Amino acid sequence: MNAVARQSAPQSEPRRRLLLASDRRDQSADLARILAGIAEIETISTAQLPDVPSQNLSGIVVDINLRSAESVQMVRRKLLGGGYQPIPRLFVLADELHHGSMQAWALGATDTIARPFDPRDLLARIRAAFPDPSETTEAARAEAMSKGVAAAHSVLVKIFDRLPAGQPLTYHDVIRAEAPILKAIKRSSLREWLAVVGRHHNESYRLALFATGYAVAFAQHLGMREEDQRRLTRAALLYDVGKAFVDVGVLDDLDGLQGERLHKFREHPRRGYEALAAEGSFPRETLDVILHHHELLDGSGYPDALHGDQISDIVRITTIVDIFTSLVAPRKNHVPLMPLHAFSRMESMGDKIDQRLLQAFRPVPLGG
């Protein structure tokens, strides 16, 4: 199989070049036609995957039958070689079964999508993961940043303005914001994200936008697979949803809270958890982050005094992002710390937080 699917485009507008490697002749023709709308597609069999990909590829789409041991071994040998590591690799799976997704990651996938899929969803994934040459211009980066900040802002409007008024926030509202946010920071930088969102007039929005930027940049710095980046983006957008139910006067004096005011503030994880749990569409992991992002490894956190292995990795990451943001972001009645001083403060917390993850996070805001 050596077909090339192409769609004409203006010569002044370079397009993505994608390699579609397939052992599913019965379905890949339709897949190629969908992809041809936004890219130049070369379709080959999995057996024809080159040992070293060409340098001008934007990405590789692998349409593979995971039940074929021969195809699996062939793809594993090729994609796990060093030449393919810098190139995004989207696997198209026959279904959404967990073991198929796990096998795809083991074969070198950076993202997966399962049949049956909506063509619009597939193209959105491609656009987010596989940039075309025109997206590397300064204007394109600025546009991506604008769309990413707008997507995050739309979620925060629903959280802080509409949720307390009884208008529900849905999981779909958050899912729609993921790709533009990830694309904004990937195409531009954390520094630019912080500069843009730091000008927001609303403090609660500003802190949430800061935390989202740090979390996404951390995920990308660690080289997390696409789905894990999306999971962390959701967590960062939503973990402080309970603040929507806290009096503004309390939020304005977080560093000086005592007595009943401190007690009221410490109700926000459970109030946020209860609001989204009642909506019914949010996954357990997301609700866990909302409820437990103030838990500490030594058991001294709240609301449930969890400790050690009772606290998941995504909660630990979110806790680090939350503490760091609270230390460095400008807010009322608080003198922001420089990043190095904030890290020193967090290192002094010892076994209250995951120091291994803290050190992994350290290069993200320091830019190196």
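This is a short tour of the structure, stop by stop, for you to follow in your viewer.

The model is predicted, so local features are described where pLDDT is at least 70, side-chain atom pairs count only at pLDDT 80 or more, and totals for chains, interfaces and linings use all residues. Residues are numbered from 1 along each chain as its sequence is written, and side-chain values use heavy atoms, with hydrogens and water left out.

**Stop 1: Asp63**

Select Asp63 to begin. An unreviewed UniProt entry places the feature "modified residue: 4-aspartylphosphate" here; UniProt positions follow the numbering used here, feature names are shortened, and annotations may be inferred rather than shown by experiment. Asp63 lies in strand 4 (residues 59-63). Strands (E, at least two residues) and helices (H or I, at least four) are DSSP runs numbered from the N terminus.

Is Asp63 buried or exposed? Asp63 is buried, because its relative accessible area is 0%. Buried means under 20% relative accessible area, exposed over 50%, and partly exposed in between, with a 1.4 Å probe and protein chains only.

Now show what surrounds Asp63. Not counting residues up to four places away in sequence, Asp63 touches Leu20, Ala21, Ser22, Asp23, Arg24, Gln27, Ser28, Leu31, Val92 and Arg115. A contact here means heavy atoms within 4.5 Å.

From that list, click on Ser28, which sits in helix 1 (residues 25-35). Ser28 is buried too, at 2% relative accessibility. Leaving aside neighbours within four places in sequence, Ser28 is in contact with Leu20, Ser22 and Asp63.

**Stop 2: Val72**

Move on to Val72 in helix 2 (residues 69-79). Val72 has a relative accessible area of 6%, so Val72 is buried. The contacts of Val72, not counting residues up to four places away in sequence, are Ile64, Asn65, Leu66, Gln103 and Leu107. Draw a distance from Val72 to Gln103: they are 31 residues apart along the chain, and their C-alpha atoms are separated by 9.3 Å.

**Stop 3: the nonpolar cores**

In soluble globular proteins, nonpolar side chains tend to be buried together. A nonpolar core is a set of buried Ala, Val, Leu, Ile, Met, Phe, Trp, Tyr and Cys residues joined through side-chain atoms within 4.5 Å. The largest one has 69 residues, and Ile159, Trp193, Tyr214, Leu238 and Leu276 have the most contacts inside it. Helix 8 (residues 203-221) gives the most to this core, with 12 residues. Apart from this core lies another, of 21 residues, among them Leu19, Leu57, Ile64 and Val72.

Center on Trp193 next. Its contacts, not counting residues up to four places away in sequence, include Met145, Val149, Ile181, Leu209 and Gly213.

**Stop 4**

Among the residues making the contact are Tyr171, Glu178 and Leu182 of helix 6 and Glu226, Arg230 and Leu238 of helix 9.

**Stop 5: salt bridges**

How many salt bridges does the structure hold? The structure holds 20, each being a side-chain nitrogen of Lys or Arg within 4 Å of a carboxyl oxygen of Asp or Glu. Select Glu178, Glu226, Glu227, Arg230 and Arg234 together to see a linked network of them.

Arg120 is exposed at 66% relative accessibility, while Asp118 is partly exposed at 34%. Then try Lys243 and Asp240, at 3.1 Å from N to O. Lys243 is buried at 13%, and Asp240 is buried at 12%.

**Stop 6: Ile353**

Finish at Ile353, in the loop between helix 15 (339-347) and helix 16 (355-361). Ile353 is buried, at 4% relative accessibility. Leaving aside neighbours within four places in sequence, Ile353 is in contact with Leu296, Leu297, Thr319, Ile323, Met346 and Leu358. The C-alpha atoms of Ile353 and Leu297 are separated by 5.7 Å, although these residues are 56 residues apart along the chain.
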